[in-house]
Amino acid sequence: MNPVDELKMLKHYIKLSDNEAVKRDCLESFIDSDEYEVLLDADSILFSVCHYGLKNGYSTEQMVEDFYTQRNSIISRIEETFQVEEIYYYFTTCKNNFRIELSSIYKANREQNELTKAVADLKQEIICDLLLYDLNVFYSDTLEADDLIADHAGRYSIICSIDKDLKQITGCHFDYYKQKTGDVDEYGTPVKDYKGFSFTSPTEGTELLGILMLEGDAADNIKGVKGIGKVKAKKLLNGRSEYGKFRAVTESYIKEGGDWKDKLEVNYKLINLIK
């Protein structure tokens, strides 16, 4: 939901829960500005551009143009609600990812193919292009784009990504993943639109961290607690205090047995983005 509309809704409530009251205060603090900064997770845009470009025989120049077209479309949608002062671009380029030292199987399920090579090549092209125009570009040899965004996120930041992990971070998010709206255009083609805005409160960020700790992350090959998926994880954490959430996570690891303490500590370091 648009943060402005969400704040209006919360202000109509007669009584708020602790989480709703904190979220109201965070929203009021966030919208108290005339200008905002967009922290753009560029990796997923690159993946989308290359996936479509390879399928349709695009040249590198056409893919570069498509990247900027998608960037412009996303920013235009955000500016329907908030005035964007600056755009910051984040890329994952790390060859010495600190998470590999923690877990040798981290992202080991991701095979290298024509698409991943195209993404790497286009990423280098886009980074060089952005640096040529002295734009705000961030990448690291040890940190992923998520880590850099988490480090830079501030009071008036709009985190722009399709990565659910980033929603651990308190603040405004814009999900640029396009999904079907249920409508069709004049040619009968299903209409797609961005998932759009959401706002994460501190309590919601902590709960997401707990959910990821319990269910794991198949995309990054992080093993959670056996037998616990998203639904069960939410049920275990719902309504608990911050301390209660972490206690529930710890108890679940203990019940699984084995080297639960080492697994718990490693997974926390792999998943946690909350500063």
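Select Asn221 to begin: this residue lies in the loop between strand 7 (216-217) and strand 8 (222-223); helices (H or I, at least four residues) and strands (E, at least two) are DSSP runs, numbered from the N terminus. The structure is a predicted model, in which local features need pLDDT of at least 70 and side-chain atom pairs count only at pLDDT 80 or more, while totals for chains, interfaces and linings use all residues. Residues are numbered from 1 along each chain as its sequence is written, and side-chain values use heavy atoms, with hydrogens and water left out.

Phi of Asn221 is near 60 degrees, a positive value in a residue other than glycine. Asn221 has 14% relative accessibility and therefore counts as buried; buried means under 20% relative accessible area, exposed over 50%, and partly exposed in between (1.4 Å probe, protein chains only).

Next, select Asp134, in the loop between helix 6 (114-132) and strand 3 (136-138). Its phi is near 55 degrees, again positive in a residue other than glycine. Is Asp134 buried or exposed? With a relative accessible area of 68%, Asp134 is exposed.

Proceed to Asp193, in strand 6 (residues 190-200). Asp193 is partly exposed because its relative accessibility is 24%. Leaving aside residues up to four places away in sequence, Asp193 touches Arg77, Tyr177, Lys178, Gln179 and Thr181, where contact means heavy atoms within 4.5 Å. Show the side chains of Asp193 and Arg77: a polar contact of 2.9 Å joins them. A polar contact is a pair of N or O atoms within 3.5 Å; within protein, one must be able to donate a hydrogen and the other to accept it, and residues adjacent in sequence count only if both atoms are side-chain atoms.

Now display Lys178 with Tyr194. Lys178 lies over the face of Tyr194, at 5.0 Å from the ring centre; a charge sits over a ring if NZ of Lys or CZ of Arg is within 6 Å of the ring centre and within 35 degrees of the ring normal.

The whole structure holds 12 aromatic pairs; rings of Phe, Tyr and Trp (its six-membered ring) pair if their centres lie within 6.5 Å, and planes under 30 degrees apart count as stacked, over 60 as edge-to-face and the rest as tilted. Ring pairs link Phe30, Tyr36, Phe82, Tyr156, Phe174, Tyr194, Phe197 and Phe199 into a cluster.
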